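Me: I would like to learn how to read a few features of a structure. Could you take me through them?

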Amino acid sequence: MKKMSLRTRVLTGVVAAAALGAGTFGAVSANATAPAAAPAAAVKADAADRNLQQSTHLTVAAATKAAQAALDAAKKENQRVSVAVVDRNGNTVVTLRGDGAGPQSPESAVKKAYTAVSWNAPTSELVKRLEQAPNLKDIPGTLFLAGGSPVQVKGAPVAGIGVAGAPSGDLDEKFAAAGVAAVTK
């Protein structure tokens, strides 16, 4: 290995320190500034603008209320289940795993909720569609078993509730319906 001269070592150290200092100062400066104001055009956009779309979503509080209502309905019948609530886009908002629920139940509940909101129909109805289109079951993230129900506002899906773990899909779906009822009263 070739030895560096004293001058080269000093210059290398100064350059490294300057780069480090500039990066630190830039990061601090970027984080210390106030958030930029929204552009005036975005603030003045109205519903008539065909480039915008509004959608309705359950709040976390409403999703939690629905999940707890479904879990409580299952508990009344001594069933050990998991419950999931997903938003209109299929993103998980709340998952509750009941005491003693099987290890597969949280994931199954999410997939049932996702399937229900995706097709805006109870998953028990969607199971019947598999006869005409068996490839539906191959869509990632879906589960075509009874136990998922959509939450609707004016007929449009805003969330999905999935329940898994009871001995039958009919029971799972009954508990999911209790969750829907808790937020659509």
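Me: Is G169 buried, exposed or partly exposed, and what is its relative accessible area?

Reply: First, a word on the source: this is a predicted model, where local features need pLDDT of at least 70, side-chain atom pairs count only at pLDDT 80 or more, and totals for chains, interfaces and linings use all residues. Residues are numbered from 1 along each chain as its sequence is written, and side-chain values use heavy atoms, leaving out hydrogens and water. Buried means under 20% relative accessible area, exposed over 50%, and partly exposed in between, with a 1.4 Å probe and protein chains only. G169 has a relative accessible area of 24%, so G169 is partly exposed.

Me: Which residues is G169 in contact with, leaving aside its neighbours within four places in sequence?

Reply: Contact means heavy atoms within 4.5 Å. On that basis G169 is in contact with A146 and G147. The C-alpha atoms of G169 and G147 are separated by 5.2 Å, although the two are 22 residues apart along the chain.

Me: Where is the place of G169?

Reply: Helices (H or I, at least four residues) and strands (E, at least two) are DSSP runs, numbered from the N terminus. G169 belongs to helix α6, residues 169-184.

Me: How far apart are the end C-alpha atoms of α6, and what should its residues span?

Reply: The expected span of a helix is 1.5 Å times one less than its number of residues. The 16 residues of α6 should span 22 Å, and its end C-alpha atoms are 22 Å apart, which agrees.

Me: Which residues of α6 are buried?

Reply: They are D172, E173, F175, A176, G179, V180 and A182. Seen down the axis of α6, these fall within an arc of 165° (taken from the directions from the helix axis to the C-beta atoms), so they line one face of the helix. The buried residues of α6 pack against several elements, including α4 (105-119) and β4 (156-164).

Me: What joins the side chains of S82 and S105?

Reply: A polar contact is a pair of N or O atoms within 3.5 Å; within protein, one must be able to donate a hydrogen and the other to accept it, and residues adjacent in sequence count only if both atoms are side-chain atoms. Here the polar contact between the side chains of S82 and S105 is 2.8 Å. S82 is in strand β1 (residues 82-87) and is buried, with a relative accessible area of 0%. S105 is one of the buried residues in α4.
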